[in-house]
Amino acid sequence: MRWQPAGTDDHVAGVPARFVAAPASTEEASEVLRAAAAEDLAVVVRGGGTKLGWGPPPRRLDLIVDTHRLTGVVEHAAGDLITVLRAGTRLSDLDFGSQQLALDSPLPGATVGGSVAVNVSGPRRMLYGTARDLLIGITVVRPGGTVAHSGGKVVKNVAGYDLGKLFTGSYGTLGLITECAFRLHPVPPARAVVTRTVPTAGVGALLAAVRDEQIVPSAVEVDRPPEGEVTVAVLVEGTAEGVRDRAARLEKVLGGQSGDLPSWWGAYPWQPGGTGLKLTAALSKVPDLVEAAGETGIRGSAGTGVLYAPVTGDVPRIVERLRAEAVRAGGHAVVLTAPAEVGQAVDMWGPVPGLDLMRRVKDQFDPGHHFAPGRFVGGI
Amino acid sequence: MTSLDELAAGLRTALGADRVVSDRVELRTYECDGLAHYKVTPGLVVLPRDAAECARTVAGCVAAGVPFVARGSGTGLSGGALPHADGVLIVTAKMRDILEVAPADERAVVQPGVINLQVSRAAAAHGYYYAPDPSSQQICSIGGNVAENSGGAHCLKYGFTTNHVLGAEIVTPDGDLVELGGRAPDTPGYDLLGAFVGSEGTLGIATRVTVRLTRLPESVRTLLAAFATTDAAGAATSAIIAAGVVPAAVEMMDALAIEAAEAAVACGYPPGAGAVLIVELDGPAAEVAAQFAQVTALCEANGATELRIAADDAERALFWKGRKSAFAAVGRISPDYIVQDGVIPRTALPEVLHRIGEVASAHGVRVANVFHAGDGNLHPLVLFDAATDGEAERAEEVSGAIIDLCIEYGGSITGEHGVGTDKAKYMPRMFTDDDLVTMQLLRCAFDPAGLANPGKIFPTPRLCGEVPRRHSAADAPAAAEIF
């Protein structure tokens, strides 16, 4: 198992690769990475390619390791509510019948490995958690080819370090994820969405009122187009009887109406190729961020404090302003994706606490800095 | 003067004499945690009041090249807080302030010595609680919970400590204070907080923890179902899960565990039952009502001999009293016992329970089973009488055999108590040498000098900076025998 010469489409954030390899198993991936290390190749991992343009461009790139052959359900133990998936499997291809991997991907075509590596999340993270919460076991190939596992196939397991957490959201800088074990959830028989559109000033009270109800929403989302009013949409899932009751209560609390999922539900608010910002805040400060994003528009999970904003025009100025707002709100602002010229003009990651420890982790796992060099926080 | 004496003198000057314990008799108070059969008298005990004092203590240890071990309430059951004879035991019991309860953020900020249940009590006035509830929640500390990634009866639905900790200030093994995570989710960078939770004190000491608060459920309904056999109770559990219901808790006790609980707390479980299930549902009232009817019907359909529905909080508490006191209650029917903690896939429950029974009878000891059936987390209690020749050794063999069964069925050697001192030797049976070396990379990043709780979790710690060498697969069991 070696690599092929790269084609014209084989580039990462504008940086062309020299070779592409597509291992079909953990063992093949191990061989590839052992050989890559021997030849001092810089590596970027590619899944569905939906987030390949996220983060700054790699400082170096020789080899793209593509996971499109590393696919399939290794195991689905329905009685145990778990599954083991190969990293290149597309989330949209999964079908567990009456069970689900409760991981909403905002990007059609995204793979398991890519979603874990970037820790993307959608509206229902409020009830089910994110990839880091649903992931119970992981198999990775370290730079150099060593295969390592952590966690396992049971939900409750505290033996050893939780390397799954470390690899979740690591942007491919610590190694290649080849298999992931997840906990599954039953598909609820019924669901309802209640929406209400209000002026920005009314959002805080609405969100607090929903929080005060004991109706356990799966998601509380907001959408504010630039200069527009804010739509609050609340999703409840469960039994038919339970959902009917909860939706009725929500209609009263929100003064809103039950209906279909809004068209903007679970989608990033920016255009393909545009600049997209992820903003986080303490829950009570979400209304402040919604207010502050008047010039750009904002959308996302008000129920968890994770929001997304499209940025156009004077991007560096707007990013700086919104970043300051996010920090004031107890959170952070990260430029997830931006055209090359914009990416060079802004600090995409912003300030990050604990950077020294993170550098030491990178040095241990990837001492030669061969994996996605320069794409992560602090130039890691 | 030894380096420990010098360190004690320096810390007395820096923190005050009352923060440092070096009297041999007083030191012995700390010689073990909840797992009393490992005992080591610490070289020195320090009781910092705040993060700065904690950092100062660790920095002193680093300068002196002395190992340190963190200890909260000392309720751990794997010897995770077992002291080091030539090291410092850093006890967080005096760091007990709840710094903030912020219901509008659904967060609380607490010091590590705060007792788990106190967080829920403080949040209750605002309509919230802290979901992870180890059985020891009345005495265990949040810092210890973070170190061990503690679970409890309600993990099945609500997850573990790691799912409810949003941020922590830690003292690194270098003596630095570092913030991990924060008040908002998804802090950029590596999820070092996720790696830290459950690291059993080997990556540093938490000095302040930000936890998620969960809205109190509108409705809680609890069912006690008696069955003739554990098989029947297991089948009912599977049927509930298969129906798409995720209860807040599904707990099982077998006949011997019921006998013990009755002897100790007279909880009035159905007489003659071969097994009981406690099934608890919580959530919005209409949701719970619909699912509770479903669960009750499924228990009946799977051969429940008696069903009791808690009419009020008092009755619900009585159901739980038998379960929560089961470990201690076993003392009524056996002079000695080992509490084992292993996990199997839920579907393997009937088979594994049979095999545990076979192993027990082959060794001439009794095993009482009380466990979290919903997530397959077994807590077999291996009963023995240390006064009878050879029985302690046989109990130890049975206890080890149960862990081997957990590994054989694809489970884990620990579901909530941690690896600690007790199970380090089993780690090579669950993980390959490469897995363990990879975990050590994280250790080396945090703790290059290897001073933070050495000897725990890993049977063969590797010196950081040493070039990883490849081992043959046959090396692992041999290495396990050394420790």
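Strand E18 of chain A, residues 275-280, is largely enclosed by the rest of the structure, because six of its six residues are buried. This comes from a predicted model. In a regular strand, side chains alternate between the two faces of the sheet. Both faces of E18(A) are covered: A:Thr275, A:Leu277 and A:Leu279 are buried on one side, and A:Gly276, A:Lys278 and A:Thr280 are buried on the other.

E18(A) pairs with two strands of chain A. With strand E20 (residues 306-311) the pairing is antiparallel and runs over six bridges; here A:Leu279 stands opposite A:Leu307. With strand E21 (residues 333-337) the pairing is also antiparallel, over four bridges, and A:Leu277 has A:Val335 as its bridge partner.

**Contact between the chains**

The contact between the two chains involves 77 residues of chain A and 84 residues of chain B. About 6300 Å² is buried between chain A and chain B, and carbon and sulfur atoms give 58% of this area. A:Lys156, A:Val158 and A:Tyr161 supply 16% of the area that chain A buries against chain B, more than any other three residues.

There are 29 residue pairs in polar contact between chain A and chain B, both residues being at pLDDT 80 or more. Several elements of chain A each supply at least two residues of the side that touches chain B, among them E18 and helix H7 (240-254). The largest share of that side, seven residues, comes from H11(A). By class, the side of chain A that touches chain B has 30 nonpolar, 26 polar and 21 charged residues.

**Salt bridges**

Side chains of opposite charge can pair when their charged atoms come close. The count is 45 salt bridges over all chains, and nine salt bridges between chain A and chain B. The table gives some examples.

| Residue | Partner | N to O distance |
|---|---|---|
| A:Arg249 | B:Glu218 | 2.9 Å |
| A:Glu237 | A:Arg124 | 3.4 Å |
| A:Arg249 | A:Glu213 | 3.1 Å |
| B:Arg308 | B:Glu306 | 2.9 Å |

The salt bridge between A:Glu237 and A:Arg124 links distant parts of the chain, 113 residues apart: A:Glu237 lies in strand E16 of chain A, and A:Arg124 in the loop between helix H2 (112-118) and helix H3 (125-128). Both A:Glu237 and A:Arg124 are buried. By contrast, A:Glu213 counts as partly exposed because its relative accessibility is 24%. B:Arg308 is partly exposed at 22% relative accessibility, and B:Glu306 is partly exposed with a relative accessible area of 30%.

A:Arg249 also belongs to a network of salt bridges that links A:Glu213, A:Asp245, A:Arg249 and B:Glu218.

Methods: Residues are numbered from 1 along each chain as its sequence is written. Chains are lettered from A and ligands numbered from 1 in the order in which they are written. This is a predicted model: local features need pLDDT of at least 70, side-chain atom pairs count only at pLDDT 80 or more; totals for chains, interfaces and linings use all residues. Side-chain values use heavy atoms; hydrogens and water are left out. Buried means under 20% relative accessible area, exposed over 50%, partly exposed in between (1.4 Å probe, protein chains only). Two strands pair if DSSP finds at least two bridges between them. Contact means heavy atoms within 4.5 Å. Buried area is the accessible area (1.4 Å probe) that two parts lose on being put together, summed over both. A salt bridge is a side-chain nitrogen of Lys or Arg within 4 Å of a carboxyl oxygen of Asp or Glu. A polar contact is a pair of N or O atoms within 3.5 Å; within protein, one must be able to donate a hydrogen and the other to accept it, and residues adjacent in sequence count only if both atoms are side-chain atoms. Ala, Val, Leu, Ile, Met, Phe, Trp, Tyr, Cys and Pro count as nonpolar, Asp, Glu, Lys and Arg as charged, and the others, Gly among them, as polar.
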